[in-house]
Amino acid sequence: MKVLIVEDDPLHRSYLNETVHAALPECDLVMEAEDGVAAEKLAREHRFDRIVMDLQMSPKNGIEAARTIWHERPDTSILFWSNYADEANVRGIARIVPDGAAYGYILKSASDERLRLALRAIFVESQCMIDREIRGLQQRSLGAARGFTDSEYEILVDIALGLTDRAIASRRHLSLRSVQNRLQSLYEKLGVYQPAVETHGEAWFNLRARAVTVAFLRKLLNHAALERAEAELSGWLKRAGKAHPEN
């Protein structure tokens, strides 16, 4: 058995190395990568099919590295290990995981025993193992009370990227009215509204900007999610024959 550890913090890499050896005595090779770029290279060269992956790394984060690795080898088992229980990460992983792949999402705050159980469940028994807190986010993102539909979430990302209603309609193949209806639904679910105070007819909030702020505070969006979205937007603009303005 071979295991690749992908983690940018040296102390965390050392801890994972020790834990992998303790949980998987049958493992005869453990290698380490400090970011997503190195992970893709090592996974490709050494054909790793078991990977422990941090999510927040630079220059390439764990979700982007996993996307490439799963594209090349869909049967790879990946345990995502992160400090963050963000719905943005949950949705990002859900978009790329291949059908039937064994994967997990464990928080770094989990106990040693919990991490060892996850390693064996995913890498030996080919089961999926998700922390309870993450499971709750999964259920909410799949449509539980006050959750967002995929279409609503796409529009939330689009307004965070600065797209107008007409641009969103073009990109998502929706009517302008459909975009505006979804925006209203977003505002309601996020609790975004103009305060009921006397403003002499002037609005206090830009509701789009307010929605993005609330989404960040609720961990519906994060830097990695917008990084992915910006790359996808650039691709769409090129395909649409539009010039993407530089900063």
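Where is the place of T76 in this chain? T76 sits in the loop between α3 and β4 (77-82), and I will come back to that loop once the overall picture is in place.

First, the basis of what I am showing. This is a predicted model, in which local features need pLDDT of at least 70 and side-chain atom pairs count only at pLDDT 80 or more, while totals for chains, interfaces and linings use all residues. Residues are numbered from 1 along each chain as its sequence is written, and side-chain values use heavy atoms, with hydrogens and water left out.

The secondary structure of the protein comes to 11 helices and 6 strands, where helices (H or I, at least four residues) and strands (E, at least two) are DSSP runs numbered from the N terminus. The C-alpha trace spans about 70 × 40 × 30 Å along its principal axes. Of the 247 residues in the protein, 47% are buried, and here buried means under 20% relative accessible area, exposed over 50%, and partly exposed in between, with a 1.4 Å probe and protein chains only. Contact means heavy atoms within 4.5 Å, and among the contacts with a separation of 6 or more, 69% are accounted for by residues 24 or more positions apart.

The axes of helix α2 (residues 36-46) and helix α3 (residues 62-72) come within 9 Å and cross at roughly 20°; axes are lines fitted to C-alpha atoms, for helices over the stretch in contact, and angles run from 0 to 180 degrees between N-to-C directions. That makes α2 roughly parallel to α3, given that angles under 35 degrees count as roughly parallel, over 145 as roughly antiparallel, 65 to 115 as roughly perpendicular and the rest as oblique. The crossing of α2 and α3 is right-handed, the convention being that a crossing is left-handed if the near helix is turned anticlockwise from the far one by less than a right angle, and right-handed if clockwise. On the α2 side the contact is made by G36, A39, E40, A43 and R44, and on the α3 side by E64, A65, T68, I69 and E72. These residues divide into 4 nonpolar, 2 polar and 4 charged, with Ala, Val, Leu, Ile, Met, Phe, Trp, Tyr, Cys and Pro counted as nonpolar, Asp, Glu, Lys and Arg as charged, and the others, Gly among them, as polar.

Helix α3 also packs with helix α4 (residues 87-96), at an angle of about 10° and with the axes 10 Å apart, and α3 and α4 are therefore roughly parallel to each other. Here α3 contributes I63, A66, R67 and W70, while α4 contributes N89, G92, I93 and I96; by class, this contact has 5 nonpolar, 2 polar and 1 charged residues.

Back to the loops. T76 has 0% relative accessibility and so counts as buried. Leaving aside neighbours within four places in sequence, T76 is in contact with F48, D49, R50, I51, I69, W70, A101 and A102. In the loop between β4 and α4 we find A85, which is buried at a relative accessible area of 12%. A85 and I106 are 21 residues apart in sequence, with 9.0 Å between their C-alpha atoms.

The last region is around helix α9 (residues 176-190), whose 15 residues reach 21 Å from first C-alpha to last, close to the 21 Å expected at 1.5 Å a residue, that is, 1.5 Å times one less than the number of residues. Its buried residues are V179, L183, S185, L186, Y187, K189 and L190, and they pack against α7 (150-160), α8 (165-172) and α10 (207-217). After α9 comes G191, with a positive phi near 70°.

How do α9 and α10 pack, at what angle and how far apart are their axes? The angle is about 50° and the axes are 10 Å apart, so the two helices are oblique to each other, and α9 passes α10 in a left-handed crossing. The contact joins L183, Y187 and L190 of α9 to L207, R208, A211 and V214 of α10, with 6 nonpolar, no polar and 1 charged residues.

R208, in helix α10, is partly exposed, with a relative accessible area of 23%. Apart from neighbours within four places in sequence, R208 is in contact with I159, L163, T164, D165, I168, L183 and Y187.
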